[in-house]
Amino acid sequence: MNTFKHFIKRNSLKIVENMNNQFFNNIQIIIKDPLPKHVNLNNVLQKLAELVPERFFDGIDGLYIGKFGHLEKRNVTAVFDDGVLYVTSEQDNEEDFLDDCVHEICHAIEQNYGDVIYADGKLDHEFIRKRQEVFQKMIEDGFESAKKFTKIFYNSEYNKKLDEFLYKDIGYDNLSVLTKDIFVNCYSMTSLQEYWASGLERFFFGEGEKVGSLCPVLYKKIKQVTVLENE
Ligand SMILES: [Zn+2]
């Protein structure tokens with residue numbers, strides 16, 4: 001049992017019941033810390049139910065909202081761990097909160113369909129090829145410091161040093177330009193897993209066409225998983 005589950009046992013946290021939304025019947029929603037007043041949980045859940053087909057919520061037991069040490073430690077706003085979506089309560093607006101939820105559901109789907117997504121190695125291949133392209137652009141644009149990450153660029157696993165280099169040294173604005181027409185968004189180049197999650201997330205937000213034209217293998221995998229789900 002992880003520490004947060006212990007914490008719930010010891011403390012009577014606010015457990016949201018009867019959301020008037022059948023969709024979330026099987027998901028325990030717990031608010032450890034309140035969301036800002038202008039972020040309405042019901043609105044977000046309503047939109048979530050519209051965007052992501054119900055069957056994709058299989059394997060999600062809980063949605064926990066609050067300030068969590070393990071999120072802050074990793075400097076992320078949300079994480080999917082052991083059947084639970086942990087999402088920070090520190091949200092600027094409902095859109096950001098919705099993005100976080102959809103994104104983590106994409107990781108949950110990844111866990112259920114890992115074989116279909118990764119086993120043939122094709123997605124990995126497409127991802128690395130794209131990273132290579134961005135790397136070349138960086139060198140052409142004078143970001144010489146990228147050279148010390150040559151090897152890491154050809155590895156699809158998450159790498160903290162590369163991540164810091166991309167967001168601190170290169171910076172979000174430059175990265176947006178460099179990844180334009182290659183990746184669906186900057187975050188997508190973080191690792192193979194984020195490549196999958198960001199692509200599926202954009203697909204759920206109605207950007208399937210963009211995903212399909214930029215990342216044909218990724219799109220095919222998304223389609224495969226969606227068709228599997230329909231059978
Ligand atoms: Zn992610």
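**View 1. Helices α4 and α10 pack at an angle of about 120°, with their axes 8 Å apart.** Welcome to a predicted model, in which local features need pLDDT of at least 70, side-chain atom pairs count only at pLDDT 80 or more, and totals for chains, interfaces and linings use all residues. Residues are numbered from 1 along each chain as its sequence is written. Axes here are lines fitted to C-alpha atoms, for helices over the stretch in contact, and angles run from 0 to 180 degrees between N-to-C directions. Helices (H or I, at least four residues) and strands (E, at least two) are DSSP runs, numbered from the N terminus. The angle makes α4 and α10 oblique to each other; angles under 35 degrees count as roughly parallel, over 145 as roughly antiparallel, 65 to 115 as roughly perpendicular and the rest as oblique. The crossing of α4 past α10 is right-handed, meaning that the near helix is turned clockwise from the far one by less than a right angle, with anticlockwise counting as left-handed. On the α4 side you will find Val 102, His 103, Cys 106, His 107, Ile 109 and Glu 110, which meet Gln 193, Trp 196, Ala 197, Leu 200, Glu 201 and Phe 204 of α10; contact asks for C-beta atoms, placed from the backbone, within 7 Å. Seven nonpolar, three polar and two charged residues form this contact of α4 with α10. In this count Ala, Val, Leu, Ile, Met, Phe, Trp, Tyr, Cys and Pro are nonpolar, Asp, Glu, Lys and Arg are charged, and the others, Gly among them, are polar. An α-helix has 3.6 residues a turn, so residues three or four places apart point the same way.

**View 2. Helix α10 is largely enclosed by the rest of the structure, because 12 of its 13 residues are buried.** A residue is buried if 20 or more other C-beta atoms (placed from the backbone) lie within 10 Å of its own, exposed if 12 or fewer, and partly exposed in between. The buried residues of α10 include Leu 192, Glu 194, Tyr 195, Trp 196 and Arg 202. For a check on helix length, the 13 residues of α10 should span 18 Å at 1.5 Å a residue, and its end C-alpha atoms are 19 Å apart, which agrees; the expected span is 1.5 Å times one less than the number of residues. After α10 comes Gly 206, with a positive phi near 85°. Stepping back, buried residues make up 30% of the 231 residues in the protein.

**View 3. Helix α6 (residues 122-140) crosses helix α10 (residues 192-204) at roughly 95°, and their axes come within 10 Å.** That angle makes α6 roughly perpendicular to α10. Leu 123, Asp 124 and Phe 127 of α6 meet Leu 192, Tyr 195 and Trp 196 of α10. By class, this contact of α6 with α10 has five nonpolar, no polar and one charged residue.

**View 4. Helix α2 (residues 41-51) packs with helix α4 (residues 94-112) at about 45°, their axes being 10 Å apart.** These two helices, α2 and α4, are therefore oblique to each other, and α2 passes α4 in a right-handed crossing. Asn 43, Val 44, Lys 47, Leu 48 and Leu 51 come from α2, while α4 supplies Glu 94, Phe 97, Leu 98, Cys 101 and Val 102. The classes in this contact of α2 with α4 are seven nonpolar, one polar and two charged.

View 5. Leaving out residues up to four places away in sequence, Leu 35 touches Leu 41, Ile 65, Ser 89 and Gln 91. The C-alpha atoms of Phe 56 and Ile 105 are 7.7 Å apart, although 49 residues separate them in sequence.

View 6. Asn 75 is exposed, with 10 other C-beta atoms within 10 Å, and Asp 181 is exposed with 9.

Technical notes: Two residues are in contact if their C-beta atoms, placed from the backbone, lie within 7 Å.
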